[in-house]
Amino acid sequence: METPFQLNVTIERNSAIPLYQQIAEPLEQAIISGEVAPGELVEDEISMAKRLQVSRPTARRALQELVNRGLLTRRRGVGTRVTPSQIHRPLELSSLNDDLIKAGFNPTTRVLSYEIIEAGPREAQLLNLSEGDGVLLTTRLRSIDGQPLAILTNHLPIELAPEWGELQRDGLYDCLANRGIKIASATQVIGARSATSREAELFGEDTRAPLLTMERTAYTEDGKVVEVGNHVYRPSLYSFRFTVFSN
């Protein structure tokens, strides 16, 4: 059983500094200094309140202060954990799974849905198919260190479709590479919006929390559409990085 981090702090009850702040500030320093590692479990408010002899609302507010600053993440069934270092992803033609591995993380994937549908007008236009052609529609949840990072929804022509088990184990572009499919170019649109109730539940965020979005259409060298992705990311864990040049 994992032992949570317990903050060693002396509470000054006659101090002008609020009690919750006397807990939040040294805990923040412990996180910033690396004393508590990213992803590490932190003592819950009930245990903290009892050990430090403060009220439960005081302990809860101390933890919530650091949640609000993006230093802690609270999720039902997982507990309160130090937020993993934010992923700064370069805007280039690469897969999220590969980028995470290169950054030193151990990503995991859960396939949330996997279904074969007939291309309607929208899917036919997106994938350059005829209406009625087979299309794989799949949604995956990508996590790092037990923290949900991204929800990845993809449409692919049926003849390119990886199996469910492959998507659970490998990144999508690795699955395509195993079929001899080389992606040569892609168009991407970056944006932001509020989380749906389902997304908020999967991410452990509040309903309508802000999310980063990316829409990508990937092509082979001869211009064939390989996949269309609609992805959402938690901005507390993830950002895009790109370089711009003057003329």
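Two strands count as paired here if DSSP finds at least two bridges between them. Helices (H or I, at least four residues) and strands (E, at least two) are DSSP runs, and I number them from the N terminus.

**Ground rules.** I'm working on a predicted model, where local features need pLDDT of at least 70, side-chain atom pairs count only at pLDDT 80 or more, and totals for chains, interfaces and linings use all residues. Residues are numbered from 1 along each chain as its sequence is written, and side-chain values use heavy atoms, with hydrogens and water left out.

I started with the open sheet of six strands, which pair antiparallel in the order 5-6-7-10-9-8. Strand 5 (107-118) and strand 8 (185-194) are its edges, each pairing on one side only. Axes are lines fitted to C-alpha atoms (for helices, over the stretch in contact), with angles from 0 to 180 degrees between N-to-C directions.

Then I followed strand 8 to strand 9 (residues 210-219): the two run antiparallel and are joined by 10 bridges. Ala-192 sits opposite Leu-212 of strand 9.

I found another open sheet, with three strands in the order 1-3-2 and antiparallel pairing. Its edges are strand 1 (41-42) and strand 2, each pairing on one side only. Strand 2 (residues 72-75) and strand 3 (residues 79-82) pair antiparallel over four bridges. I checked who faces whom: Leu-72 is opposite Val-82, and Arg-74 is opposite Thr-80. The hairpin they form has three residues between the strands, and Gly-77 there takes a positive phi near 85 degrees.

**Helices 2 and 3.** I had a look at helix 2 (residues 45-52) and helix 3 (residues 56-68), whose axes come within 8 Å and cross at roughly 120 degrees. The two are therefore oblique to each other (under 35 degrees is roughly parallel, over 145 roughly antiparallel, 65 to 115 roughly perpendicular, the rest oblique). On the contact (heavy atoms within 4.5 Å), I noted Glu-45, Ile-46, Met-48 and Ala-49 from helix 2 against Arg-56, Ala-59, Arg-60 and Leu-63 from helix 3.

**A charge on a ring.** Arg-61 lies over the face of Tyr-20, 3.8 Å from the ring centre. The rule I used wants NZ of Lys or CZ of Arg within 6 Å of the ring centre and within 35 degrees of the ring normal.
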